[in-house]
Amino acid sequence: MRAEARIDLDALRHNVAAVRDRVGSAQVMAVVKADAYGHGMVQCARAARQAGAAWLGTALPTEALELRRTGDTGRVLSWLWVPGDPFAEAIAADVDISVSGLWALAEVEEAARATGRTARVHLKADTGLGRNGCQPHDWEALVEAALKAQADGLVQVVGLWSHFACADEPGHPSIALQLAAFRDAVAVAEQRGVTPEVRHMANSPATLTLPESHFDLVRSGLATYGVSPVPDLHSSAELGLRPVMTLVASVASVKRVPEGHGVSYGHTWHADRDTALALVPLGYADGVPRHASSAGPVLVGGARRTLVGRVAMDQFVVDLGDDESVAPGDEVVLFGPGDGGEPTAEDWAQAAGTIAYEIVTRIGSRVPRVYLGAR
Ligand SMILES: *Cc1c(COP(=O)(O)O)cnc(C)c1O
């Protein structure tokens, strides 16, 4: 075994149940885009369903279609569409489609006509994120056009939704403004005759810190994978979540080098004493961030160590000091739940100047995922 990402599906089921406990009567969507944040979409989707996720969420329609191909039959919403995307396939596969503007509605209508089926549509309002979604000044026109298509039997507007910009900063002034804008958008749509099954706005940080954002459905991504979306405020454990991914590798070599020896490209680190170095066969091609050069933490030989020198494409080096217990083949833990002394994905995010979302999501396809607790 060079390296593997162990995916604890019991932990994932625990997290989905923990989110369900928090949101009362609201439904839970497990967001499984981007290969379930690097954890493996099909296996994680199945485990999330087992734990009661009534919905799955994907960014891309191809991701939603893959869920269908692999046997998922529950509600699935896909929200990031470009012209020419497989709208007809999605409608035929009973995938819910997010619509942020008139071009998408037109494609949905055409695809619905072609398939002879009514498309399930969620209208997305831009309540302040400034990314996808319909601006307030275009909202009435989008609602009216969708209701006309509904009257024609082509679409059913089943959802009204939006997305936060700063939910990970509780108390940020944009949060209250976005909530108010969302309530306005919902009111406008409902006054004109939209009868949504679900109104939804909350991502993981809002789910965990802002109950008034729960509405009928919460979209839980990072929390599903047990990682805190508000690490400065609460750890995973404090939120009742269990990290799902543990990334390990086998030590490829151990050797002694003399004081002054440089390590890795650019010689950005030199041994300040005679020391032992362990070679770890994971690099930036595997998602180990190069920005964590001379900073990323690992657990090896029962001790926390820091990698030294630059992270290369396939490997990095750990300074073992005078620890003579480490041998080739020993396990190195890059991150995991953190309760066995190992670092967490959040520790790596800090070392690399990024967020834990990026750490887990970018673990590369060369790293096999090994599933624990599959059923
Ligand atoms: C990714 C995404 C989510 C999930 O966000 P988390 O913070 O990981 O829970 C929810 N909604 C939309 C629109 C997203 O793109």
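Predicted model: local features only at pLDDT ≥ 70, side-chain atom pairs only at ≥ 80, totals over all residues.

Tutor: Residues are numbered from 1 along each chain as its sequence is written, and side-chain values use heavy atoms, with hydrogens and water left out.

Student: What does UniProt list for Lys 33?
Tutor: The unreviewed UniProt entry gives "modified residue: N6-(pyridoxal phosphate)lysine" at Lys 33. UniProt positions are in the numbering used here, feature names are shortened, and annotations may be inferred rather than shown by experiment.

Student: Why is Lys 33 called partly exposed?
Tutor: Buried means under 20% relative accessible area, exposed means over 50%, and partly exposed is in between (1.4 Å probe, protein chains only). Lys 33 has 25% relative accessibility, so it counts as partly exposed. Lys 33 sits in helix H2; helices (H or I, at least four residues) and strands (E, at least two) are DSSP runs numbered from the N terminus.

Student: Which residues does Lys 33 touch, not counting those up to four places away in sequence?
Tutor: They are Gly 57, Thr 58, Ala 59, Glu 63 and Trp 79, where contact means heavy atoms within 4.5 Å.

Student: Which residues does the "binding site" annotation cover?
Tutor: In the unreviewed UniProt entry it covers Arg 131 and Met 313. They span 183 residues in sequence and the farthest two C-alpha atoms are 32.7 Å apart, so they do not all gather at one spot. From this set, Arg 131 is part of the lining of the largest pocket.

Student: What makes Arg 131 exposed?
Tutor: Its relative accessible area is 59%, so Arg 131 is exposed. Arg 131 belongs to the loop between strand S6 (119–124) and helix H7 (136–151). Beyond its neighbours within four places in sequence, Arg 131 is in contact with Asp 126 and His 163.

Student: And why does Met 313 count as partly exposed?
Tutor: Met 313 has a relative accessibility of 43%, so it counts as partly exposed. Met 313 is placed in the loop between strand S16 (303–308) and strand S17 (316–321). With neighbours within four places in sequence left aside, the contacts of Met 313 are Gly 283, Tyr 284, Ala 285, Asp 286 and Arg 366.

Student: What makes a space a pocket or a cavity?
Tutor: On a 1 Å grid over the protein atoms alone, a cavity is a set of points where a 1.4 Å probe fits but cannot get out, whereas a pocket is an open set with protein on both sides within 12 Å along at least five of seven lines; lining residues have an atom within 4 Å of a point. Grid points are joined across faces, edges and corners, and a volume is the space filled by probe spheres set on the points.

Student: What is the volume of the largest pocket, and which of its lining residues are closest to the centre?
Tutor: The volume of the largest pocket is about 640 Å³. Of its 32 lining residues, Asp 168, Asn 203, Pro 205, Ile 355 and Tyr 357 are the closest to its centre. H2, H9 and helix H11 (356–361) each supply at least two residues of that lining.

Student: How many cavities of 30 Å³ or more does the search find?
Tutor: The search of the whole structure finds one, and the largest cavity has a volume of about 30 Å³. Among its lining residues are Leu 247, Gly 287, Trp 348 and Ile 363.

Student: How do you know that the span of helix H1 is close to the expected one?
Tutor: The expected span is 1.5 Å times one less than the number of residues. Helix H1 (residues 9–23) has 15 residues and reaches 21 Å from its first C-alpha to its last, close to the expected 21 Å. Among the buried residues of H1 are Leu 9, Leu 12 and Val 16. The buried residues of H1 pack against several elements, including strand S1 (3–8) and helix H3 (41–50).
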